[in-house]
Amino acid sequence: MRITIAPAGTKTGTAVVRSLLSTSDPVVEVHGLYRNLAKVPDEFSSQPRFHALQGDVLDPLRLHFTGSDAILAITPPVYDGQDIVSYAEIASKNVRDAIERSGSVKRLVLLSSGGAQFSTGVGEIKTNNMAERVFSMTAIPAVTFVRCAYFMENWTMNFDTLKAPQPFFFSTITPLDWRVPMVAVDDIGSTLAAELLNETIPPTKPHIFELHGPQPYTPLDVQAAFSKVLKREVAVKPVAKNELYDFFSRIFPQQIVGEWVEMAASFLPGGIMAADTINYDDVNVVRGVTELDTALAAAIRKNLLGS
């Protein structure tokens, strides 16, 4: 069985490749698509069952999936100010067309996001809505969309503040006791890998489910986890809803600031994706096993403590 990850260079793509290569089944061959082959992790390039391919989802002439049985599609985020929805549409159509040209691919799994069912009101997540619309009618037997919750590792994006003499982190989720579904990247990797290896036909096309962690968490839970791992008090600095625009303006190009503000606001009380808005009794939810403190501890040990 051959599985191709398009592209494989993201954190999630890396987690999926790692999970696939850990399987004891020797007939699973993993191909990973990279724009820059110099960024292929050594842990993969040394594996005989892994093959790195140079290519770009924006370049249809370099997308060749012939011989692959299953494809994982990932819509990488873009931060250069271009139209993010148009980017997602082009990339998704290129991958879809390459799948249909292959003559061999029978299964597509798309890394999507909670809120992808909405075409408005969710900011950056609109890219996942576009990807789902493009892939929904792919002419192959099995199509699955995995809508992931807020990544636990998102809290570790700025290690500089955690290395400060008085460590702290920012929270765009307010109030600080507001509970939000979150999931660890390792659980995403193992879940997507299992879907790619699954040889049964899903009950619906597309088959859709949300992936959450064991329970929802709050920014105060994040603060407690950071303080525990670093063995010192870590402060949390809330970014109020009316401060989101100024906050994201310091991070992203002006053209896409509004998308990130809208996405962040969609998680907050009364927002289109908020826990008090969505009835999860009506949602197919699969749960990972990794707790928040475990995921944050691993990220800190790797990136901050060097162990």
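Is Asp 221 buried, partly exposed or exposed? In this predicted model, Asp 221 is partly exposed, with a relative accessible area of 27%.

**Salt bridges**

The partner of Asp 221 is Arg 179, and the closest N and O atoms of this salt bridge are 3.8 Å apart. Arg 179 belongs to the loop between β8 (168-171) and β9 (182-183), whereas Asp 221 belongs to helix α7 (residues 219-230), so the bridge ties together parts that are 42 residues apart in sequence. Arg 179 is likewise partly exposed, at 44% relative accessibility.

The structure has nine salt bridges in total. Three of them, including the one just described, are set out below.

| Salt bridge | Closest N and O atoms |
|---|---|
| Glu 132 and Arg 147 | 2.7 Å |
| Asp 160 and Lys 163 | 3.8 Å |
| Arg 179 and Asp 221 | 3.8 Å |

Glu 132 and Arg 147 form a salt bridge, and the pair ties together parts that are 15 residues apart in sequence, because Glu 132 lies in helix α4 (residues 126-135) and Arg 147 in strand β6 (residues 142-148). Glu 132 is buried, with a relative accessible area of 6%, and Arg 147 is buried as well, at 11%. In the bridge between Asp 160 and Lys 163, Asp 160 is exposed, with a relative accessible area of 56%, and Lys 163 counts as exposed at 53%.

The model contains 14 aromatic pairs. One of these joins Tyr 79 and Phe 252 in a stacked arrangement, with 5.7 Å centre to centre and 10 degrees between the planes. Tyr 79 is in the loop between β4 (70-74) and α3 (84-102), and Phe 252 is in the loop between α8 (244-249) and α9 (254-266); the pair therefore ties together parts that are 173 residues apart in sequence. Tyr 79 is partly exposed, at 41% relative accessible area, while Phe 252 is buried, at 13%. Tyr 150 and Trp 155 form a tilted pair, 5.7 Å centre to centre and with 55 degrees between the planes; both residues are buried.

Tyr 79 and Phe 252 also belong to one aromatic cluster, together with Phe 168, Phe 170, Phe 247, Phe 248 and Trp 260. Over the ring of Phe 168 sits the charged end of Lys 237, 3.9 Å from the ring centre.

**Helix α6**

Helix α6 (residues 185-197) has 13 residues and, at 1.5 Å a residue, should span 18 Å; its end C-alpha atoms are 18 Å apart, which agrees. Buried residues of α6 include Val 185, Ile 188, Leu 192 and Leu 196, and also Asp 187 and Glu 195.

Definitions and conventions
Residues numbered from 1 in each chain as written. Predicted model: local features only at pLDDT ≥ 70, side-chain atom pairs only at ≥ 80, totals over all residues. Heavy atoms only, no water. Helix = DSSP H or I, 4+ residues; strand = E, 2+ residues; numbered from the N terminus. Expected span 1.5 Å × (residues − 1). Buried < 20%, exposed > 50% of the residue type's maximum accessible area, 1.4 Å probe, protein only. Salt bridge = Lys/Arg side-chain N within 4 Å of Asp/Glu carboxyl O. Phe/Tyr/Trp six-rings, centres within 6.5 Å; stacked < 30°, edge-to-face > 60°. Lys NZ or Arg CZ within 6 Å of the ring centre and 35° of its normal.
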